[in-house]
Amino acid sequence: MLEKNLPYIYNAEIKRKLPYTIQIKVTEAEPAYSIRNKDKTYILLDDHFKVLENKAKKSKGITISKASIKKADLGREIVFENADIGNCLTQLTAVVKANSFDEITAIYCNNISDNYVVYDGRIEFKLGTCDDLENKIFQGLAACEKMNQTNPNAKGVMTITGDKRLYFTEK
């Protein structure tokens with residue numbers, strides 16, 4: 001209950017120690033994702049999409065773009081207009097988090113077969129469906145590492161089909 005009423009509490013454990021002591025162990029929630037509102041403020045989310053703030057002045061963590069919000073109540077999990085997009089975003093964020101892909105600065109989904117992550121704020125990885133996301137992102141990161149050696153400021157779209165073929169279109 002504390003986690004819902006006080007959004008920045010990630011977890012609270014309450015233990016009673018007899019005869020007169022109560023021990024409370026609190027783990028703080030950290031902003032992992034942000035979504036820009038129309039008024040240029042941000043919704044801050046933890047790594048489980050729990051809403052930490054609704055009108056933050058600055059974004060923190062990875063930016064989630066192009067996601068229509070149905071409900072963003074403090075202390076509750078965010079609800080996206082399109083549940084399929086919400087599921088795809090959940091899969092994308094799980095892969096990024098599990099592999100500590102620190103170079104990923106933004107993610108977005110247009111639909112279930114049109115998913116993207118953004119590398120270093122400058123190269124979009126067009127991933128297609130949510131199948132084999134981890135390998136697709138690894139392929140994109142490896143290609144960017146090679147590309148950074150010759151053209152470290154390149155901007156564009158990298159289409160990753162998952163069959164070890166990559167196509168880069170520079171902007």
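Five aromatic pairs are present in the structure, a ring pair being Phe, Tyr or Trp (its six-membered ring) with centres within 6.5 Å, stacked if the planes are under 30 degrees apart, edge-to-face if over 60 and tilted otherwise. The model is predicted: local features need pLDDT of at least 70, side-chain atom pairs count only at pLDDT 80 or more, and totals for chains, interfaces and linings use all residues. Residues are numbered from 1 along each chain as its sequence is written, and side-chain values use heavy atoms, with hydrogens and water left out.

Tyr-33 and Phe-49 pair edge-to-face, at 5.6 Å centre to centre and 75° between the planes. Tyr-33 lies in strand E3 and Phe-49 in the loop between E4 and E5, 16 residues apart; strands (E, at least two residues) and helices (H or I, at least four) are DSSP runs numbered from the N terminus. Tyr-33 is buried at 4% relative accessible area, as buried means under 20%, exposed over 50% and partly exposed in between (1.4 Å probe, protein chains only). Phe-49 is also buried, at 4%. Ring pairs join Tyr-33, Phe-49 and Phe-80 into a cluster.

Phe-101 and Phe-138 form an edge-to-face pair, with 5.0 Å between centres and 80° between planes. The pair connects the loop between H2 and E9 with helix H3, 37 residues apart. Phe-101 is buried at 4%. Phe-138 is partly exposed at 41%.

Nine strands form an open sheet with mixed pairing, in the order E5-E4-E3-E6-E9-E10-E11-E12-E13; strands pair if DSSP finds at least two bridges between them. E5 (51-56) and E13 (166-170) are the edge strands. E4 (residues 42-45) runs antiparallel to E5, joined by three bridges. Leu-45 stands opposite Val-51 in E5.
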